[in-house]
Amino acid sequence: MALDLGVGTIVLDNEMEAAELIRQIKGTDKKINAYLRVNPGIEAHTHKYIVTAHVDSKFGISMLDEEEIVNVIQMVNSTDNITFEGIHAHIGSQIFDKQAYAELVRKMFAFAAKLKNDHGIDVTGVNLGGGFAAYYTDEDHPVPVDEVCAEIIRTCEEENEKINHQIRRIMIEPGRSIVAEAGYNLYTAGYIKKTPNRLYAFVDGGMSDNIRPALYQAKYDAFIAGKEEEEIFGEYTIAGKCCESGDILIQSIALPEVKTGDILVMKTTGAYGYSMASHYNKLALPAVVFVKDGEARVVIERETYDHLISLEK
């Protein structure tokens with residue numbers, strides 16, 4: 001599909017992917033640029049499920065496997081339709097330490113120089129991936145994107161000077177830090193339930209539209225629309241409607257009294273919310289609404305049960 005639609009650049013993960021790209025592009029008039037994902041072995045301090053560069057990660061080829069990396073690049077370079085440009089890495093998500101990126105730059109630039117000096121491979125581009133943190137709760141202290149970028153640029157300039165300005169293109173992937181805080185989930189409160197140790201507020205969604213709390217204990221802040229100035233009533237557990245004990249959106253949050261029909265607004269859901277949603281328990285996905293300057297428009301319609309069963313025969 002990427003070749004058919006004219007995608008400009010493909011990032012290859014391993015030797016089999018490279019071989020498949022070569023097989024599909026040979027004998028055609030299509031052309032593409034290629035990067036190879038390498039694993040720099042930098043373990044970012046984040047949740048174990050979203051660390052992507054430990055030595056046995058499923059992503060990329062370890063820099064320790066230099067022979068394999070060289071082999072893949074030579075395979076690509078031997079194909080006229082493919083232009084090898086550089087190396088790609090991604091060390092994790094929700095990273096709060098800008099020095100992790102400085103270390104990544106140093107390792108990537110040094111490895112690019114090694115490929116050129118030891119193997120004659122011209123690496124001119126480096127993609128540093130993403131992982132810039134977003135603000136979810138008061139526990140989070142993300143480094144502003146401009147500060148992270150300044151650190152990256154400064155380190156790139158220093159390291160490129162050391163290798164005779166070999167690198168001519170730098171890329172980053174700032175996804176979450178752009179969209180996360182721009183999104184909110186709006187839930188309608190259903191029943192309220194008291195157990196010996198918890199006060200539950202059940203909502204009309206859950207892990208089907210936001211898997212992050214169940215998957216890796218992600219934390220969120222929220223408020224009740226229209227009750228922002230009311231005094232706190234108690235500590236609520238915000239529970240979803242899926243048949244799972246783990247379907248808890250927020251373990252504990254201080255809120256004014258929650259009543260059936262109230263709108264609970266969960267903050268910072270613009271990343272990894274709708275994109276990771278599922279139809280678990282046969283739940284329909286909510287609508288997606290864009291809001292700007294007091295105007296709102298539906299960009300993805302709310303699903304219905306007719307949608308859900310439309311493919312069933």
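Reader: How much space lies in the second largest pocket?

Author: About 360 Å³ of space lies in that pocket of this predicted model. A pocket here is an open set of points on a 1 Å grid over the protein atoms alone, where a 1.4 Å probe fits, with protein on both sides within 12 Å along at least five of seven lines. The volume is the space filled by probe spheres set on the points, which are joined across faces, edges and corners.

Reader: Which residues lie nearest the centre of the second largest pocket?

Author: Lys 219, Tyr 220, Ile 250, Gln 251 and Ser 252 do, out of 18 lining residues. A lining residue has an atom within 4 Å of a point. Helix H6 (212-216) and strand E11 (248-255) are the elements that give two or more residues to this lining, and E11 provides the largest share, six residues. Helices (H or I, at least four residues) and strands (E, at least two) are DSSP runs, numbered from the N terminus.

Reader: What is the lining of the second largest pocket by class?

Author: It has nine nonpolar, five polar and four charged residues. Ala, Val, Leu, Ile, Met, Phe, Trp, Tyr, Cys and Pro count as nonpolar, Asp, Glu, Lys and Arg as charged, and the others, Gly among them, as polar.

Reader: And how much space lies in the largest pocket?

Author: About 1200 Å³. Its lining has 38 residues, and Tyr 184, Asn 185, Ala 287, Val 288 and Val 289 are the closest to its centre. Strands E7 (185-194), E13 (288-292) and E14 (295-300) each supply at least two lining residues. The largest share, five residues, comes from E13. By class, this lining divides into 21 nonpolar, 10 polar and seven charged residues.

Reader: How should I read the numbering and the confidence limits?

Author: Residues are numbered from 1 along each chain as its sequence is written, and side-chain values use heavy atoms, with hydrogens and water left out. As this is a predicted model, local features need pLDDT of at least 70 and side-chain atom pairs count only at pLDDT 80 or more, while totals for chains, interfaces and linings use all residues.

Reader: Turning to helix H4, which of its residues are buried?

Author: Val 148, Glu 151, Ile 152, Thr 155, Cys 156, Glu 159 and Asn 160 are buried. They cover an arc of only 150° around the axis, so they sit on the same side of H4. The arc is taken from the directions from the helix axis to the C-beta atoms. Buried means under 20% relative accessible area, exposed over 50%, and partly exposed in between (1.4 Å probe, protein chains only).

Reader: What do the buried residues of H4 pack against?

Author: They pack against helix H3 (98-119), strand E5 (125-130) and strand E6 (169-173). The face turned away from the buried side carries the exposed residues Asp 146, Glu 157 and Glu 161. Just after H4, Asn 164 takes a positive phi of about 60°.

Reader: Is Ala 89 buried or exposed?

Author: Ala 89 is buried, with a relative accessible area of 0%. This residue is found in the loop between strand E4 (82-88) and H3. Leaving aside neighbours within four places in sequence, Ala 89 is in contact (heavy atoms within 4.5 Å) with Val 38, Pro 40, Leu 104, Met 108, Asn 127, Leu 128 and Gly 129.

Reader: What does the secondary structure of the chain come to?

Author: The chain has seven helices and 14 strands. Of its 313 residues, 45% count as buried.
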